[in-house]
Amino acid sequence: MSTDLAKPRLADFPICAEAAPRGRGNRNRTWMTTRSVEIALPVHDEAGVLEASVRELDDFLDDNIPFPTGIVIVDNASTDGTLELALALAA
């Protein structure tokens, strides 16, 4: 059994049949592909930094990923208002 881990290529990722630009990200690009990238962002009690972190990640994705992108915030029972902030950012 080989343990050689080759660096994945974009061509190795499956194609999503219904990918489309959505949200704030990737708003000024011409889409010539059906591939997309979704980032799951696990958080717990991150209300103080969540908005800045999500905006920074969104800007990074806009600048570096040539496909439609999305960010999914996964709250882990936060008690500091993280969930409410995540919901507001999604709106």
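## Residue S78

S78 counts as buried, because its relative accessibility is 16% and buried means under 20% relative accessible area, with over 50% being exposed and values in between partly exposed (1.4 Å probe, protein chains only). The model is predicted: local features need pLDDT of at least 70, side-chain atom pairs count only at pLDDT 80 or more, and totals for chains, interfaces and linings use all residues. Residues are numbered from 1 along each chain as its sequence is written, and side-chain values use heavy atoms, without hydrogens and water.

S78 is located in the loop between β2 and α2 (82-90). Helices (H or I, at least four residues) and strands (E, at least two) are DSSP runs, numbered from the N terminus.

## Surroundings of S78

Apart from neighbours within four places in sequence, S78 is in contact (heavy atoms within 4.5 Å) with V43, H44 and D45. A polar atom of the S78 side chain lies 2.7 Å from the backbone nitrogen of D45.

The side chains of S78 and D75 are joined by a polar contact of 2.4 Å. A polar contact is a pair of N or O atoms within 3.5 Å; within protein, one must be able to donate a hydrogen and the other to accept it, and residues adjacent in sequence count only if both atoms are side-chain atoms.

## Strands β1 and β2

Strands β1 (residues 37-43) and β2 (residues 69-75) run parallel and are joined by seven bridges. Strands pair if DSSP finds at least two bridges between them. L41 has I73 in β2 as its bridge partner.

E38 belongs to strand β1 and is partly exposed, at a relative accessible area of 40%.
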